[in-house]
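Please look over the sequence and the structure below before reading the notes.

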Amino acid sequence: MNVGVILFGGSGKRFSQEIPKQFLKFNGKTLMEHTLEKFFEDFIHLIVVVVNKDYLEKSRKILKKYGQKVKIITGGFAREYSTLSAINYLKDKISKEDNVIIHDGARPFVNKEILLKNIEFVDNYGAVVTALPVENTIAFVENDRVKTVPPRKKLFSIQTPQTFKFSVLLEAFEKVKDLENYTDDSSVVLKAGFDVYVVMGEKSNIKITTKEDLFLAGVENFEWDI
Ligand SMILES: Nc1ccn([C@@H]2O[C@H](COP(=O)(O)OP(=O)(O)OP(=O)(O)O)[C@@H](O)[C@H]2O)c(=O)n1
Ligand SMILES: C[C@](O)(CO)[C@H](O)COP(=O)(O)O
């Protein structure tokens, strides 16, 4: 079975101080609807949407039209605790051999090809991360001073989905406790000692973090679903 986990448990503070970006609306739909609908594929059998507990009722109102394939749970105070909430929810519902596809709700432009590649690769490798070779030179900086410039050809920018055999997630999130120190799922799995393999992402699969990202994605106007 393939299970989608869509993370919408944040507050979107870099986008807006007032309303979480989950509820921004463009092209007639909220960000939450845009991303969720990318997972409405026949090869995804269950979708767990992790929402911000302060907006549970609002999220339920938006998502109820999608029916029983969508399960709504609340997340944690940091991204990886939201992933942990999904793992705990799934513990008694799916098999250790099932695939769990974890995706930022803030990435509405993911496509079917990336989802299918994640599923194809996780069957071989057990843990995969969507990523792209970086195009800018990256520096390690401390106190405004460049300390090192790692060789670019080995650097990748990590995206989502990040897809794992459920057994890998269970073991990794059992071993790693300081989840607030991690910004994605693959780094937790890596820390737990698993190999993680790359699935090539796409530049269009951007994360909507600030308003500029929306404009870069070609969305010129948006409103709020309040
Ligand atoms: N405690 C958290 C924090 C983040 N996320 C989700 O992880 C994705 C990527 O996080 P980000 O883009 O940083 O969203 P926010 O944390 O909401 O943004 P900000 O850091 O600006 O507050 C988002 O879909 C967000 O909803 C989550 O599920 N639970
Ligand atoms: C998971 C992620 O999108 C990979 O690049 C990124 O780490 C999320 O960071 P955020 O600060 O939670 O948006």
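The model is predicted. Helix 4 comprises 14 residues, 112-125. Around ligand 1 there are 18 residues.

**Length and ends of helix 4**
- At 1.5 Å a residue, helix 4 should span 20 Å, and its end C-alpha atoms are 20 Å apart, so the two values agree.
- At the start of helix 4, a side-chain oxygen of N111 comes to within 3.2 Å of the backbone nitrogen of E113.
- After helix 4 comes G126, which has a positive phi, near 85°.

- Five residues of helix 4 are buried, namely I114, L115, N118, I119 and V122.
- These residues cover an arc of only 140° around the axis, so they lie on the same side of helix 4.
- An α-helix has 3.6 residues a turn, so residues three or four places apart point the same way.
- The exposed residues E113 and N124 sit on the face of helix 4 turned away from its buried side.
- The buried residues of helix 4 pack against several elements, including strand 1 (2-8), helix 1 (31-38), strand 6 (99-104) and strand 7 (127-133).
- Strand 10 (156-165) and strand 11 (197-200) are also among the elements that the buried residues of helix 4 pack against.

**The site of ligand 1**
- L7, G9, G12, R14 and S82 come nearest to ligand 1.
- A backbone N or O atom of G10 is 3.1 Å from an oxygen atom of ligand 1.
- For S11, a polar backbone atom lies 3.0 Å from an oxygen atom of ligand 1.
- For K13, the distance from a polar backbone atom to an oxygen atom of ligand 1 is 2.8 Å.
- On its own, ligand 1 has 560 Å² of accessible area, and the protein covers 88% of that area.

Notes: Residues are numbered from 1 along each chain as its sequence is written. Chains are lettered from A and ligands numbered from 1 in the order in which they are written. This is a predicted model: local features need pLDDT of at least 70, side-chain atom pairs count only at pLDDT 80 or more; totals for chains, interfaces and linings use all residues. Side-chain values use heavy atoms; hydrogens and water are left out. Helices (H or I, at least four residues) and strands (E, at least two) are DSSP runs, numbered from the N terminus. The expected span of a helix is 1.5 Å times one less than its number of residues. Buried means under 20% relative accessible area, exposed over 50%, partly exposed in between (1.4 Å probe, protein chains only). The arc is that of the directions from the helix axis to the C-beta atoms. Contact means heavy atoms within 4.5 Å. A polar contact is a pair of N or O atoms within 3.5 Å; within protein, one must be able to donate a hydrogen and the other to accept it, and residues adjacent in sequence count only if both atoms are side-chain atoms. A residue is near a molecule or strand if one of its heavy atoms lies within 4 Å of it. Accessible areas come from the Shrake-Rupley method with a 1.4 Å probe; for residues, only the protein chains shown count as cover.
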